[in-house]
Amino acid sequence: MLKIKATRYIAVIITFITVFVSSFVYGQRASNPPTDLFHGFETPIAEVVTQFHKALQQGDQNKAVSYLTTDVVIVENDRVQRSLFAYQQGHLQDDINALKSSTAIFHELTLKVVGNIAISTAVRTFLEVEDKATEIKRHKLETMILGKQENGHWKINYIHWSS
């Protein structure tokens, strides 16, 4: 019974976050559409997001997880990791392996800050080579929610990756 309540609680939180992020990121007035698809890099949050990506690409698990909160929620296609521990025991190594064997091309990467919350959105294409003759393109969307910690540093609280 407790597990069902916890699962429902997490589902409600994820739904709320998704609606909040969608309305925040995409709820701009049509008369003022964004023109710069790469913005927000003047903030310390940009360093967290880019260094997290770099650590994954380089296979540095310790550095990658240092940018995540212990209660991070990571949603990737049909999987949900509900803590840093679950991510470390589950899909972290798969993410590292996938990134190490591919090249990421960013088409959009934006950061927005509202108080102690920051939202990062990205659109990327991954070029993967299965064998010498086969190159595969995979398109990925990414949303991250970061929170400013008590020590003033930013950490990633939520990641949603989809293709």
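1. **Elements.** Helices (H or I, at least four residues) and strands (E, at least two) are DSSP runs, numbered from the N terminus. The protein has five helices and seven strands. From the N terminus on, they run α-β-α-α-β-β-α-α-β-β-β-β.

2. **Ground rules.** This is a predicted model, in which local features need pLDDT of at least 70 and side-chain atom pairs count only at pLDDT 80 or more, while totals for chains, interfaces and linings use all residues. Residues are numbered from 1 along each chain as its sequence is written, and side-chain values use heavy atoms, with hydrogens and water left out.

3. **Confidence.** pLDDT is the predictor's confidence in each residue, from 0 to 100. The protein averages 78. A score of at least 70 is reached by 67% of the residues. Among the elements, helix 1 (residues 2-26) has the lowest mean pLDDT, 53. Helix 3 has the highest, 96. Over residues 23-31 the pLDDT is below 50. Beyond near neighbours in sequence, that stretch has 11 contacts in the model. Contact means heavy atoms within 4.5 Å.

4. **Burial and contacts overall.** Buried means under 20% relative accessible area, exposed over 50%, and partly exposed in between (1.4 Å probe, protein chains only). Of the 163 residues, 39% count as buried. Take the contacts between residues at least 6 apart in sequence: 52% of them join residues at least 24 apart.

5. **The largest nonpolar core.** A nonpolar core is a set of buried Ala, Val, Leu, Ile, Met, Phe, Trp, Tyr and Cys residues joined through side-chain atoms within 4.5 Å. The largest one holds 27 residues. Phe-52, Leu-56, Leu-68, Leu-146, Ile-156 and Ile-159 touch the most other members. Elements that each supply at least two residues of this core include helix 4 (84-89), strand 2 (68-76) and strand 7 (154-162). Helix 2 gives the most, with seven residues. In soluble globular proteins, nonpolar side chains tend to be buried together.

6. **Ile-156.** Leave aside its neighbours within four places in sequence. Ile-156 is then in contact with Val-48, Phe-52, Tyr-67, Leu-68, Thr-69, Val-72, Met-144, Ile-145 and Leu-146.

7. **The cavity.** On a 1 Å grid over the protein atoms alone, a cavity is a set of points where a 1.4 Å probe fits but cannot get out; a pocket is an open set with protein on both sides within 12 Å along at least five of seven lines; lining residues have an atom within 4 Å of a point. Grid points are joined across faces, edges and corners, and a volume is the space filled by probe spheres set on the points. The structure holds one cavity of 30 Å³ or more. The lining of the largest cavity is Ile-74, Val-75, Glu-76, Arg-79, Gln-81, Tyr-87 and His-91. Strand 2 gives the most to this lining, with three residues.

8. **The second largest pocket.** Its volume is about 300 Å³. Of its 16 lining residues, Glu-76, Asp-95, Ala-98, Phe-126 and Lys-140 lie nearest the centre. Helix 5 gives the most to the lining, with four residues. The lining divides into five nonpolar, four polar and seven charged residues. Here Ala, Val, Leu, Ile, Met, Phe, Trp, Tyr, Cys and Pro count as nonpolar, Asp, Glu, Lys and Arg as charged, and the others, Gly among them, as polar.

9. **Ser-163.** This residue is in the segment after strand 7. Ser-163 counts as exposed because its relative accessibility is 65%. Its C-alpha atom is separated by 7.1 Å from that of Arg-138, 25 residues apart along the chain.
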